[in-house]
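Here is a short briefing for someone meeting this structure for the first time. Please look over the sequence and the model before reading on.

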Amino acid sequence: MIRKTLTAIALAAVAATSQAGVVYNNGSTIGGGVSNNMVAWLQADNFTLTTAATITGGRLWIEGQGGALNWNGALQYWIFAGGATPGAVLQTGSLTIDSVTDSGVLAQGGRDNIRQVDFDLDINFSALANTQYYFGVRAGGGDVAWSGFTPGNGTESFNATLNNWFNNGRERAFLLNGNAGTLPEPATLALVGLTLAGAAVARRRKA
């Protein structure tokens, strides 16, 4: 019993260094007329975390650009190294769509409402603190645009060739979820070590 209690304390000390939730918010201000086509173009925007985190998913806002939203439900994503434009591809795959919710906000031209899309990454991404990355998304088909706001430094690549980046002057509306935390401090590590040592002593005495 003592050993189990001490081990639980040690695990709690380490777990306390990590917290789940929103690790980056690029702004959820959405308004019709500042969206960019994400079928013909791969849309991307940069982000930097203040604390190292494991990114697990997030949220973005989409809308129809020429009329009512017409989307086949597929979204491919990229995470690029930072720079003046997106750099090396660090990870790419398909987003798992958790939910699509009507935001109640009219899209450009007032023909339809903007949709809020919650998603998970197919593979978690470990992001370093104070390091710039780009998050890019492209829709699989239909008439779909990534909502956002101005001014900004969003960038896009026609046909996702990754060699023709163009700054469209707009920010993409998105946020990223994950587990943020730091490595345990020396004092915490010492506590864990002492606790586990105590558990070992208790086990030997019981034997």
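This is a predicted model: local features need pLDDT of at least 70, side-chain atom pairs count only at pLDDT 80 or more; totals for chains, interfaces and linings use all residues.

The protein chain has two helices and 17 strands. Of its 207 residues, 41% count as buried.

**Overall make-up**

- Among contacts between residues at least 6 apart in sequence, 77% join residues at least 24 apart.

**The largest nonpolar core**

- In soluble globular proteins, nonpolar side chains tend to be buried together.
- The largest nonpolar core here holds 28 residues.
- Phe 47, Ile 55, Leu 60, Leu 75 and Phe 135 touch the most other members of this core.
- Six elements are listed as giving it two or more residues: strand 1 (18-25), strand 4 (53-63), strand 6 (75-81), strand 9 (113-127), strand 10 (132-139) and strand 17 (174-181).
- Strand 9 gives the most to this core, with five residues.

**Around Leu 75**

- Leaving out residues up to four places away in sequence, Leu 75 touches Met 38, Leu 60, Gly 93, Ser 94, Leu 95, Ile 97, Val 117, Val 137, Arg 138 and Ala 139.
- Leu 60, one of these contacts, is also among the core residues that touch the most other members.

**A separate core**

- Another core lies apart from the largest one.
- This other core has seven residues, among them Leu 42, Ala 44, Trp 78 and Trp 165.

**Salt bridges**

- How many salt bridges does the structure hold? There are two.
- One of them joins the side chains of Arg 59 and Asp 118, at 2.7 Å from N to O.
- Arg 59 lies in strand 4 and Asp 118 in strand 9, so this pair ties together parts that are 59 residues apart in sequence.
- Are the two partners buried or exposed? Arg 59 has 26% relative accessibility, so it counts as partly exposed. Asp 118 has 14%, so Asp 118 counts as buried. The cut-off for buried is under 20%.
- Another salt bridge joins the side chains of Arg 115 and Asp 112, at 3.2 Å from N to O.
- Arg 115 and Asp 112 are both buried.

Methods
Residues are numbered from 1 along each chain as its sequence is written. Side-chain values use heavy atoms; hydrogens and water are left out. A nonpolar core is a set of buried Ala, Val, Leu, Ile, Met, Phe, Trp, Tyr and Cys residues joined through side-chain atoms within 4.5 Å. Buried means under 20% relative accessible area, exposed over 50%, partly exposed in between (1.4 Å probe, protein chains only). Helices (H or I, at least four residues) and strands (E, at least two) are DSSP runs, numbered from the N terminus. Contact means heavy atoms within 4.5 Å. A salt bridge is a side-chain nitrogen of Lys or Arg within 4 Å of a carboxyl oxygen of Asp or Glu.
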